[in-house]
Structures are given as C-alpha cells and as structure tokens.
Amino acid sequence: MSVAGFEDIVAGPLSQYLTLSAKIGGDVAQHAELVRSAFGSQLQYVTLATQIAQPAQPKQAELLKPTSTQISAIQDFREKHRSSPFFNHLSAISESIPALGWVCVEKTPGPYVKEMNDAGQFYTNRVLKEWKEKDVTHVEWARAWVQTLTELQAYIRQYHTTGLVWSGKGAAPAGGAPPPPPPGGLPPPPPMLDLSALKLDSAGDDRSALFAQINQGADITKGLKKVTGDMQTHKNPSLRTGPAPFKSPAQSGGSKAVAAPPAAQAKAPVFERDGKKWIIEYQKNNTGLLVENAEMNNVVYVFRCEGSTLTVKGKVNNIVFDSCKKCSLLFDSVVASVEFVNCQSVQMQVLGSVPTVSIDKTDGCQMYLSKDSLGVEIVNSKSSEMNILLPDDSGDYTELALPEQYKTTIAGKTLKTVCVDSLG
C-alpha cells in the first residue's frame with residue numbers, strides 16, 4: 001500500500017506537472033526530466049523499504065545516493081540558467097525539491113515537506129503573478145507542482161507519520177544503491193509472465209481442470225441449476241433474512257457488558273520554533289497565542305487547535321491553519337499566502353497586506369480585510385460558508401459571500417462556468 005500510494009502521486013499531480021512542463025518547453029522541460037528521475041529514484045527507495053529491514057546509517061546513505069544526486073542536479077541546473085526567461089519556474093522547483101529528503105527525517109517528515117513546499121511558493125507566486133494574464137498553462141503548471149508536494153505530505157501522514165517505515169525482513173542488497181532510473185522516465189514495469197514456460201503437474205494440481213472448464217465456451221452454462229420462482233428473493237421476502245449481526249460476548253457474570261476501550265489520550269499542546277518554522281499544535285481554548293520577533297522567511301504552522309486565537313506580529317512568509325476548529329487569526333502581513341485546510345469555523349483579520357488566501361475543505365471562514373489587502377486573490381475548493389468583509393471609510397465592514405454554487409453550459413467544444421447567486 002505504501003508503494004501504491006507513492007505511485008498514485010507519480011501518476012497524478014506529478015504526471016500533470018511533467019505534461020505541462022513539456023508543453024511549456026525549453027529550460028522548464030529539461031528541468032522536469034531531472035525531477036522525473038528524482039521521483040523515480042525515490043520510488044525505488046520506498047519500494048526497497050518494503051522489502052528489507054532498516055539498514056545501518058552508512059548503508060542508508062549509500063542507497064540514497066541516486067536521489068541525492070538528482071536533487072543536486074536539479075539545483076545546479078537552476079544556477080547554470082540564471083539568465084533563463086523561466087528562472088522563476090526553475091527556482092520554484094529548486095527551492096522545494098529537497099522535500100524528497102523526508103526519508104531521512106524522523107518524527108516530523110510531513111511538516112518538513114510542508115516547509116519545503118512553502119519555501120518554493122515564493123517563486124510559484126511569482127509565476128502566477130507574471131503569467132496569469134498571459135498563459136494559463138504556466139498557472140496550471142505552478143498549481144500542479146504545489147499539489148504534488150501537498151499530496152506527498154498527505155501520503156507521508158498516512159503511511160510514514162514518524163519517519164520512513166522499513167517493513168521488510170530481508171538484508172540490504174550488496175553492491176550499493178539500486179541503479180538510477182533511465183533518463184527517459186520512471187522504471188519500466190516488470191515483464192509479463194510467460195505462461196507457456198510454466199510446467200504444471202496436472203496429477204496433483206486442479207488448474208488444468210479449471211482451464212478445461214473455461215475452454216468449454218457456451219457449453220459451460222449447461223451444468224447450472226435453474227432458479228425457480230420460489231427461490232427468488234424479490235418474490236419471497238422471507239429469504240432475505242441474513243445471519244444475525246455480531247454481538248460481543250457477555251462477561252462471565254452475564255450481567256455486565258464488555259467495557260468499551262479507553263478514549264485516546266489527548267496530546268500535549270505544542271508551541272515552539274524550529275529554525276524558520278513556528279509549530280503550534282493541539283492548543284485548546286488558548287486565546288493568548290502570540291508569535292513575535294518573526295522574520296520574513298518564517299512559516300507559521302498551526303495544527304489541530306480548537307477554540308484558540310493566534311496573533312502574529314511582523315511580516316512572515318506563510319501562515320497555515322490545518323485541521324483547526326473555532327480558531328481566530330490576527331496578523332500584520334504575509335509575503336506569500338494564508339492557508340486554511342480541513343478547518344471548521346475559522347476567521348482571520350489582516351492589518352497590513354496579504355497577496356493570497358487559500359481555502360481547502362473548510363466549512364465556515366470569515367476574512368476581515370484591510371484597505372492595503374484589497375488586491376488579494378482568494379482560491380477556494382470544496383469549502384462552504386465563506387465570507388469576505390471589506391472595510392469602508394466609516395470603519396465598518398461590508399460583508400460579501402463567496403459563491404458556492406456554479407452553473408456550467410457547453411459552448412462548442414469548451415465549457416462555460418458562471419457563479420449562481422443564492423435566491424434563498
């Protein structure tokens with residue numbers, strides 16, 4: 001399942017990124033081929049982790065060499081093409097590709113990928129700003145890459161929450177790291193099994209009889225028993241009764257039911273700074289959360305908080321609310337964006353400027369804007385009950401609702417989608 005989950009990323013957003021890169025062409029297409037090889041090397045490494053037990057650190061470094069080599073090649077390509085017209089594209093990838101190093105991170109590989117994704121968003125936002133009026137291909141390209149790392153983080157949270165899981169029992173292969181993937185793309189699928197080369201012992205194996213039955217063609221139905229009217233369940237409701245549902249056995253006394261399992265223990269609240277990242281987790285009913293003395297390259301990540309208020313003083317790069325409920329955010333300014341993911345009943349107020357607000361899978365989001373932030377771009381998906389409050393000269397706010405309902409019509413070979421105002 002771990003390997004299949006990674007293959008879904010390769011076949012999904014990464015494939016879209018590669019296709020759009022080839023469409024853009026030039027340096028972006030060449031750079032994308034290096035990214036393709038890097039993900040191919042990581043797929044081999046993840047697959048290997050399901051086959052062998054965790055090796056010693058020196059051996060792990062040896063097995064990781066193909067991936068690290070590709071990461072270095074991706075970053076070197078950017079440095080050698082600083083005069084490229086697509087320098088922002090190259091920088092967006094180069095700044096965030098170290099996310100593939102999550103396999104070496106213990107305890108918090110998911111947040112590490114998020115931090116790398118945020119590091120690249122400074123340049124993806126530049127791509128969006130430069131190309132949104134020129135060519136939508138570049139806009140989709142930037143979103144496909146951000147989505148690739150976003151799904152990588154979700155994959156890690158599902159399969160490798162506290163670090164890469166070595167689930168195999170074999171020994172590490174001798175001779176070093178597996179061979180790197182071919183330049184053209186990911187490793188080819190294994191060859192098809194040659195059934196003609198198999199030697200079956202028909203005396204002790206029923207498979208030959210099975211093949212003989214299959215080869216009967218239309219005659220295979222002659223042995224079936226006819227279903228009469230009294231055997232049909234839609235005519236005889238009494239036949240629909242299935243087995244009784246499972247019931248837990250009673251205790252020896254017969255008078256007491258089996259005790260329910262204890263509830264999961266609440267996790268301790270976290271408020272700490274780790275390098276460029278402020279990590280705030282599991283805070284409950286804490287209205288005094290304060291981030292100060294922050295820098296422009298800092299990221300604030302808030303996870304699973306409830307009934308709390310966070311104030312961010314100064315200008316930071318990015319603020320993320322993930323799986324929070326009934327929380328509030330007050331901040332001065334951000335360089336890149338403010339994001340709400342999987343949240344319920346949240347609100348934010350900006351005193352300075354914010355270029356982008358992203359809302360994903362969130363129900364209930366109130367956004368109080370300042371006069372300096374009226375140029376904000378709001379990107380929302382799978383969300384509801386979103387309201388924007390615009391300031392006026394009297395100091396009051398005018399409330400506007402973001403549309404949640406759309407109407408799509410067919411115009412030739414394209415689709416035309418417009419917002420539908422609620423009439424209720």
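Predicted model: local features only at pLDDT ≥ 70, side-chain atom pairs only at ≥ 80, totals over all residues.
The secondary structure of the chain comprises eight helices and 14 strands. Of the 424 residues in the chain, 38% are buried. When contacts between residues at least 6 apart in sequence are considered, 37% of them join residues at least 24 apart. Ala-119 belongs to helix H6 and is partly exposed, its relative accessible area being 31%.

Two packed helices are described by the angle between their axes and the distance between the axes. For helix H6 (residues 109-131) and helix H7 (residues 136-159), the axes come within 10 Å and cross at roughly 175°, and the two helices are therefore roughly antiparallel to each other. On the H6 side the contact involves Pro-109, Gly-110, Pro-111, Val-113, Lys-114, Asn-117, Gln-121, Thr-124, Val-127, Leu-128 and Trp-131. On the H7 side the contact is made by Val-136, His-138, Val-139, Trp-141, Ala-142, Val-146, Leu-149, Thr-150, Leu-152, Gln-153 and Ile-156. By residue class, the contact of H6 with H7 consists of 14 nonpolar residues, seven polar residues and one charged residue.

The count of salt bridges comes to 11. One of these joins Glu-62 to Lys-59, with the closest N and O atoms 3.7 Å apart. Both residues lie in helix H3 (residues 57-63), and because they are three residues apart, they are separated by about one helical turn. The two partners fall into separate accessibility classes, in that Glu-62 is partly exposed at a relative accessible area of 36%, whereas Lys-59 counts as buried at 19% relative accessibility, the limit for a buried residue being under 20%.

A second salt bridge brings together the side chains of Lys-371 and Asp-393, at an N to O distance of 3.4 Å. Lys-371 is placed in the loop between strand S9 (363-368) and strand S10 (377-381), and Asp-393 in the loop between strand S11 (384-391) and strand S12 (397-401), so that the pair ties together parts of the chain that are 22 residues apart in sequence. Elsewhere, salt bridges that share partners join Arg-78, Glu-79, Arg-82 and Glu-95 into one network. Within this group, the side chains of Glu-79 and Arg-82 meet at 3.1 Å, N to O. Glu-79 is partly exposed, with a relative accessible area of 39%, and Arg-82 is likewise partly exposed, with a value of 48%.

The number of disulfides in the model is zero. For Cys-327, the closest cysteine sulfur is that of Cys-324, and because the two sulfur atoms are 4.8 Å apart, they are too far from each other for a bond; a disulfide would require them to be within 2.5 Å. Cys-327 is buried, with a relative accessible area of 2%. Cys-365 is also in no disulfide, since the nearest cysteine sulfur, which belongs to Cys-343, is 8.0 Å away. Cys-365 likewise counts as buried, at 1% relative accessibility.

Most residues other than glycine have a negative phi. Against this background, two residues may be described for their backbone geometry. Tyr-282, a residue other than glycine, has a positive phi, near 55°. This tyrosine, Tyr-282, is located in the loop between strand S2 (277-281) and strand S3 (289-291), and it counts as partly exposed at 22% relative accessibility. Ser-345, which is not a glycine either, has a positive phi of about 55°. Ser-345 is situated in strand S7 (residues 344-350) and is partly exposed, with a relative accessible area of 44%.

Key
Residues numbered from 1 in each chain as written. Heavy atoms only, no water. Salt bridge = Lys/Arg side-chain N within 4 Å of Asp/Glu carboxyl O. Helix = DSSP H or I, 4+ residues; strand = E, 2+ residues; numbered from the N terminus. Buried < 20%, exposed > 50% of the residue type's maximum accessible area, 1.4 Å probe, protein only. Axes fitted to C-alpha atoms, helices over the stretch in contact; angles between N-to-C directions. Parallel < 35°, antiparallel > 145°, perpendicular 65-115°, else oblique. Contact = heavy atoms within 4.5 Å. Nonpolar A, V, L, I, M, F, W, Y, C, P; charged D, E, K, R; others polar.
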